[in-house]
Amino acid sequence: MCRGVQHPIRGLFLRSYLAQVSRDKLPDIGSEYKGDADTAMDAVEFVLQNFTEMNKLWVRMHYQGPGRVREKQEKERSELRDLVGKNLHVLGQIEGVDLEMYRDTVLPRVLEQVVNCKDELAQYYLLDCIIQVFPDEYHLQTLDTLLGACPQLQPTVDVKTVLSQLMERLSNYASSSEDVLPEFLQVEAFAKLSSAIGKVTEAHVEMPIVGAVTLYLSLLTFTLRVHPDRLDYVDQVLGACVKKLSGKPKLEDSRATKQIVALLSAPLEKYNDVVTALTLSNYPRVMDRLDNETNKLMAMVIIQSIMKNYTCISSADKVEVLFELIKGLIKDLDGTTGDELDEEDFKEEQNSVARLIHMLYNGEPEEMLKIICTVKKHIMTGGPKRLPYTVPPLIFSALRLVRKLLCQDGDAVGEELPATPKKIFQLLNQTIEALSSVPSPELALRLYLQCAEAANDCDLEPVAYEFFTQAFVLYEEEIADSKAQVTAIHLIIGTLQRMNVFGVENRDTLTHKATGYSAKLLKKPDQCRAVYACSHLFWVDDQDGIKDGERVLLCLKRALRIANAAQQMATVTRGSSGPVILFVEILNKYLYFFEKANPQITSSAIQSLIELINTELQSDSTTPDPAASAFFASTLRYIQFQKQKGGVMGEKYNPIKV
């Protein structure tokens with residue numbers, strides 16, 4: 001009956017029945033029907049013949065009936081595919097089918113059917129069956145034959161899924177035991193798969209980009225699992241992908257983009273080390289194929305990998321490659337303008353770049369200086385919006401290097417060395433200048449003061465003076481907002497007070513400037529606070545510190561005059577004088593210098609100041625201020641406490657009556 005020409009569906013079911021009833025009657029090794037030596041071959045022959053005939057019947061269904069019912073028929077065909085596949089399952093279970101028979105007879109005959117039937121559904125399904133049914137070891141030994149069939153398939157067959165499944169099975173096989181790895185090397189699995197993918201992408205010209213990239217992703221996953229030590233293989237896969245993508249516009253297809261991101265992320269996840277990825281010459285070239293948004297996304301993935309694994313990048317060459325990779329975050333790429341940026345995302349991206357700069361480190365000063373120069377070269381192209389985020393970490397990296405040079409032996413800071421504090425300070429000066437022209441004057445001023453402190457530690461007076469000059473110029477010309485001025489002048493006074501590198505002349509010039517600016521602030525209370533802060537410039541408590549009591553007293557008296565003027569102005573404008581908190585603050589400064597044994601600050605001066613505050617507090621015209629009253633009460637308690645404590649300090653405080 002099987003040999004009668006009949007309706008394909010009936011023929012299929014009939015042959016399927018034949019396969020089922022004969023399944024346990026096949027002459028096989030260990031079977032009760034086993035005859036002469038070569039009987040397993042008969043069983044294989046019988047199943048192959050049945051498979052061939054069934055496949056022909058199945059494919060014939062495709063051509064039955066008019067076009068309008070074609071869709072329904074295809075659905076029916078798809079549902080009947082398991083009937084054909086059962087024959088391959090039976091073949092896979094025949095004990096007598098060893099590697100030799102599989103290689104010489106079974107696989108060539110099955111593939112011949114697959115290629116010759118020229119039917120898209122049959123080709124895809126049968127190849128998938130072959131991969132699932134036969135053992136991994138057989139696939140590995142017959143890779144040539146199996147892969148040779150792929151380029152001969154119909155153009156519409158989904159080859160990428162078939163090959164991906166094959167590679168997944170092989171990589172699972174490789175990771176199941178280390179003993180099988182030599183087999184992979186012996187059969188040159190990577191070279192064969194790589195060449196097959198190349199042939200498939202060439203044969204199927206109209207394969208969408210996403211299909212080709214998926215193939216390369218599967219090959220890369222296979223390589224990372226089977227040959228993790230072979231970076232040249234990884235680079236080769238990336239190179240093949242670049243070749244496929246070259247000559248085409250940047251990717252717009254979101255699915256293809258996702259696959260490329262997965263392709264680039266795979267080595268990072270495998271090696272947990274960006275430095276490894278930096279040695280792959282094709283890595284940046286694949287990144288260049290991404291559109292700007294995805295390029296940024298990938299750059300963030302790279303930075304997060306560095307942060308997560310605390311990767312230290314320690315050579316200027318690697319820094320160069322890294323910054324080339326993340327250039328989407330460093331500067332505006334072609335075709336993007338700053339207006340399109342989302343503010344929140346932009347901040348997060350730039351903060352990530354700033355954190356990254358701290359991860360670039362080398363213990364050798366010369367190499368570290370090269371790294372700093374490389375970073376500077378890249379971030380200077382970032383434009384006015386990025387510099388305020390990226391310049392500060394670079395400055396602090398350089399200052400860390402300066403202090404490291406200081407800690408080394410004296411002879412290491414010779415002029416003939418490439419990395420000297422002077423050279424680094426020159427570099428810092430240029431970098432901050434770029435920032436002040438952005439404009440971001442408050443930030444630039446803070447960085448100038450940080451550099452001045454570092455120059456002070458290095459004992460470089462002219463350099464420190466230059467940084468202070470720059471800070472004052474910025475204060476004069478760029479900082480117009482009164483709140484920013486108050487913050488800036490206090491920063492300047494605080495930094496100047498800690499300086500011990502200046503000679504008399506330079507120090508006088510700078511302190512004179514600072515006190516002058518303090519007295520010129522817009523609001524009287526701000527003036528008063530800045531002027532009494534200046535008193536600390538004339539009394540520094542270290543061993544060879546400056547102790548100029550008269551100038552301290554002058555500052556405090558001037559602050560008092562300003563506080564008085566503030567009270568009078570309040571009386572004129574509001575009809576009541578302002579709070580007395582400024583007087584209490586000045587009293588506290590008096591007490592500070594009194595305890596430091598400044599001869600100009602006498603107990604009688606403190607006494608008269610206390611009386612002045614008492615009078616002001618009791619005056620009806622004074623605006624009541626609970627904070628000022630509490631501060632004053634607390635100050636008086638402190639004086640009382642010092643008197644009761646006795647000793648030298650108690651004697652000093654005794655004449656003061658509270």
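A polar contact is a pair of N or O atoms within 3.5 Å; within protein, one atom must be able to donate a hydrogen and the other to accept it. The model shown in these close-up views is a predicted one.

**View 1. A polar contact links Q642 and Y638.**
The side chains of these two residues, Q642 and Y638, are joined at 2.6 Å. That value is within the 3.5 Å cut-off. Look for Q642 in helix 32, which covers residues 626-645. Is Q642 buried or exposed? Its relative accessible area is 5%. Buried means under 20%, so Q642 counts as buried.

Start with K327 and D288. Their side chains meet in a salt bridge, 3.2 Å from N to O. K327 lies in helix 19 (residues 327-330), while D288 sits in the loop between helix 16 (283-287) and helix 17, so the pair ties together parts that are 39 residues apart in sequence. Now turn to E324. The side chain of E324 also meets K327 in a salt bridge, here at 3.1 Å from N to O. How accessible is each member? K327 is buried, with a relative accessible area of 17%. D288 is partly exposed at 31%. E324 is partly exposed too, at 33%.

**View 3**

**View 2. Five acidic residues make a negative surface patch.**
The members are E293, D342, E344, D345 and E348. Which helix gives the largest share of the patch? Helix 20 (residues 343-357) does, with three residues. Pick out E344, which is found in helix 20. Its relative accessible area is 59%. Exposed means over 50%, so E344 counts as exposed.

**View 3. Y310 has a positive phi.**
Phi of Y310 is near 45°. The value is positive in a residue other than glycine. Where is Y310 placed? Look in the loop between helix 17 (292-308) and helix 18 (316-325). Y310 counts as exposed, at 68% relative accessibility.

**View 4. A597 also has a positive phi.**
A597 is not a glycine, yet its phi is about 65°. The residue lies in a loop. Helix 30 (581-595) is on one side of that loop and helix 31 (603-618) on the other.

**View 5. E550 and S535 are compared in sequence and in space.**
How many residues apart in sequence are E550 and S535? They are 15 residues apart. In space, the separation is 9.9 Å from C-alpha to C-alpha. E550 lies in helix 29, residues 549-574. Is E550 buried or exposed? At 54% relative accessibility, E550 counts as exposed.

Definitions and conventions. Residues are numbered from 1 along each chain as its sequence is written. This is a predicted model: local features need pLDDT of at least 70, side-chain atom pairs count only at pLDDT 80 or more; totals for chains, interfaces and linings use all residues. Side-chain values use heavy atoms; hydrogens and water are left out. Patches are made of residues with over 30% relative accessible area and no salt bridge: like charges are joined within 9 Å, nonpolar side chains (Val, Leu, Ile, Met, Phe, Trp, Tyr) within 5 Å. Accessible areas come from the Shrake-Rupley method with a 1.4 Å probe; for residues, only the protein chains shown count as cover. A salt bridge is a side-chain nitrogen of Lys or Arg within 4 Å of a carboxyl oxygen of Asp or Glu. The place of a charge is taken as NZ of Lys, CZ of Arg, CG of Asp or CD of Glu. Helices (H or I, at least four residues) and strands (E, at least two) are DSSP runs, numbered from the N terminus. Buried means under 20% relative accessible area, exposed over 50%, partly exposed in between (1.4 Å probe, protein chains only).
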